[in-house]
Amino acid sequence: MLNTTGSNPYNKDMETNNEISVLPTLEQIESAYSGRPGKCCCGCNGKHYHADNTGDYRGGGKPNDVKQIKRILGILQAVPAKELEAFGDYVSAEVEGRLYIVYRRAA
Ligand SMILES: [Zn+2]
């Protein structure tokens, strides 16, 4: 598992042991990913799911698939905050040998 603790912009209070929610809400998520950990995340080792149907998909994948995004968000919500990797516009975690990522919409 990647260790980005030192450069994690969303978890600055980790030392204090405060549980901060780093996960976006369902409405804030543009897309989600489920794939093999430690591999390329372009879509060749997993699947991207998109909330909208904009025609411009990061990593290809399925449009209008809020159901899958909900499922992946649910998996990440069950992960202890300190085990989530948050960087830039995404939050990810490895759960039972699978890598899950949610991507925030552009602000
Ligand atoms: Zn790839």
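Asp65 lies in the loop between E2 and H1, where helices (H or I, at least four residues) and strands (E, at least two) are DSSP runs numbered from the N terminus. Asp65 is buried, with 20 other C-beta atoms within 10 Å. A residue is termed buried if 20 or more other C-beta atoms lie within 10 Å of its own, exposed if 12 or fewer, and partly exposed in between, with C-beta atoms placed from the backbone. Leaving aside neighbours within four places in sequence, Asp65 is in contact with Tyr49 and His50; two residues are in contact if their C-beta atoms, placed from the backbone, lie within 7 Å. Asp65 and Asn53 are 12 residues apart in sequence, and their C-alpha atoms are 9.1 Å apart in space.

**Basis and confidence**

This is a predicted model, in which local features need pLDDT of at least 70 and side-chain atom pairs count only at pLDDT 80 or more, while totals for chains, interfaces and linings use all residues. Residues are numbered from 1 along each chain as its sequence is written. The pLDDT is the predictor's confidence in each residue, from 0 to 100. The chain averages a pLDDT of 82, and 75% of the residues score at least 70. Over residues 3-9 the pLDDT is below 50, and this stretch has 6 contacts in the model beyond near neighbours in sequence. Over residues 11-19 the pLDDT is also below 50, with 8 contacts beyond near neighbours in sequence. Where pLDDT is low, the predicted coordinates should not be read in detail.

**Overall architecture**

The secondary structure of the chain comprises 1 helix and 5 strands. From the N terminus on, the elements run β-β-α-β-β-β. Buried residues account for 26% of the 107 residues in the chain. Among contacts between residues at least 6 apart in sequence, 47% join residues at least 24 apart.

**The sheet**

The 5 strands form an open sheet in the order E2-E1-E5-E4-E3, with antiparallel pairing; two strands pair if DSSP finds at least two bridges between them. Strand E2 (46-50) and strand E3 (85-87) stand at the edges, each with a single partner strand, so one side of each is left without a neighbour in the sheet. Neighbouring strands are turned by 15° against each other on average, direction ignored.

| Strand pair | Sense | Bridges | Residues opposite each other |
|---|---|---|---|
| E1 and E5 | antiparallel | 6 bridges | Ala32 and Val102 |
| E3 and E4 | antiparallel | 3 bridges | Phe87 and Tyr90 |

E3 and E4 form a hairpin with 2 residues between them, and Gly88 in the turn has a positive phi of about 60°. E4 and E5 likewise form a hairpin with 2 residues between them.

**Helix and core**

Helix H1 (residues 66-77) lies across E1, E2, strand E4 (90-95) and E5, running at about 70° to E1. Axes are lines fitted to C-alpha atoms, for helices over the stretch in contact, and angles run from 0 to 180 degrees between N-to-C directions.

The largest nonpolar core has 19 residues, and those with the most contacts inside it are Ala32, Leu73, Leu76 and Val102. Such a core is a set of buried Ala, Val, Leu, Ile, Met, Phe, Trp, Tyr and Cys residues joined through C-beta atoms within 7 Å. The elements that give two or more residues to this core are E1, H1, E4 and E5, and the largest share, 5 residues, comes from E5. Leu76 touches Leu23, Leu84, Val91, Ala93, Tyr100 and Val102, not counting residues up to four places away in sequence. In soluble globular proteins, nonpolar side chains tend to be buried together.

**Backbone exceptions in the loops**

Most residues other than glycine have a negative phi. Asn64, which is not a glycine, has a positive phi of about 50°. Asn64 is placed in the loop between E2 and H1, and counts as exposed because it has 11 C-beta neighbours inside 10 Å.

Glu96, also not a glycine, has a positive phi of about 45°. Glu96 is found in the loop between E4 and E5. With 6 C-beta neighbours inside 10 Å, Glu96 counts as exposed.
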